[in-house]
Amino acid sequence: MGILEKISEIEKEIARTQKNKATEYHLGLLKAKLAKYRAQLLEPSKSASSKGEGFDVMKSGDARVALIGFPSVGKSTFLSLMTSTASEAASYEFTTLTCIPGVIEYKGANIQLLDLPGIIEGAAQGKGRGRQVIAVARTADVVIMMLDATKGEVQRSLLEKELESVGIRLNKHKPNIYFKPKKGGGISFNSTVTLTQCSEKLVQLILHEYKIFNAEVLFREDCSPDEFIDVIVGNRVYMPCLYVYNKIDQISMEEVDCLARKPNSVVISCGMKLNLDYLLEMLWEYLALTCIYTKKRGQRPDFTDAIILRKGASVEHVPSPRPLGATLEVLNK
């Protein structure tokens, strides 16, 4: 039985198993096995051919944004509108077959925008160049998930499932769990909060599934077995995501209002160029960038040349050399 068949069997068993106290240990083991098989599936094959054309894009600018979504949702049109790069757009699916980069110039920052080929269901298993697309998405600072407003929530749930299965956690923080494998001494388990989803026995069973028999584990928050498995695996990516609903000119005002009120969501129309300015403002906020300007003592700041840093950075993070006698003034924009 291949890895795909094993994954399918475990998913079916999880789906038909009732969730209660009596089955929590069994479900925890199934989820641990599922995570192991998915990790094996994503490992590059030794006999694999060279990288696909257009996917090896050098990271440049002050931040990177990955534009993902199903075919024909408006990704290429959006890239052409927001950057000086012309990406082929047509009414048929799979117009974009490679990764096409563009640059958004906003508030003095250069934001690299990657137009990725359309994802289809089963992308995590490699369908439709899905693995290459997802590999590029993992290197981004923010994901823009482009969705067709006329198709409701179907696309969003499918894409979230595909990204979740390959270790991309959208709009989530890293679990506050201390985990350190040791050479001996068994498993030391402690928690600073009351745990309602995990127990010491379940933690030990999951660790044994990964052939870990000596480790220190400290829960600092009430985490689920899935979150604990993420900590063990250690290759999960936590990144902010903007859900962008395109083609709002084709639905009613009531539907637009409902979509706009969803968390982390923005509604736009690339065809009619609606709400694109607000999307840029939201993207800047999610990237958490800060503009820093230099000024000479007694003179006004030079607003023509900004240094872009992550919000929360200090003067120590400013690259050198700077002009002689220049001081720094931090302006959040």
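Strand E1 and strand E3 (residues 109-115) pair in the parallel sense over five bridges, where strands are DSSP runs (E, at least two residues; helices are H or I, at least four), numbered from the N terminus, and two strands pair if DSSP finds at least two bridges between them. This is a predicted model, in which local features need pLDDT of at least 70 and side-chain atom pairs count only at pLDDT 80 or more, while totals for chains, interfaces and linings use all residues. Residues are numbered from 1 along each chain as its sequence is written, and side-chain values use heavy atoms, with hydrogens and water left out.

E1 also pairs with strand E4 (residues 142-148), again in the parallel sense and over five bridges. Val65 stands opposite Leu113 in E3 and opposite Val142 in E4. Because seven of the seven residues of E1 (residues 63-69) are buried, this strand is largely enclosed by the rest of the structure; buried means under 20% relative accessible area, exposed over 50%, and partly exposed in between (1.4 Å probe, protein chains only).

A search of the whole structure finds nine salt bridges, each a side-chain nitrogen of Lys or Arg within 4 Å of a carboxyl oxygen of Asp or Glu. The table gives some of them.

| Salt bridge | N to O distance |
|---|---|
| Asp148 and Lys247 | 3.4 Å |
| Arg156 and Glu160 | 3.5 Å |
| Arg169 and Glu164 | 3.5 Å |

Salt bridges that share partners join Glu164, Arg169, Lys172, Asp230 and Arg236 into one network. Arg156 and Glu160 both lie in helix H5 (residues 154-165), four residues apart. Asp148, at 5% relative accessibility, counts as buried, whereas Lys247, at 21%, counts as partly exposed.
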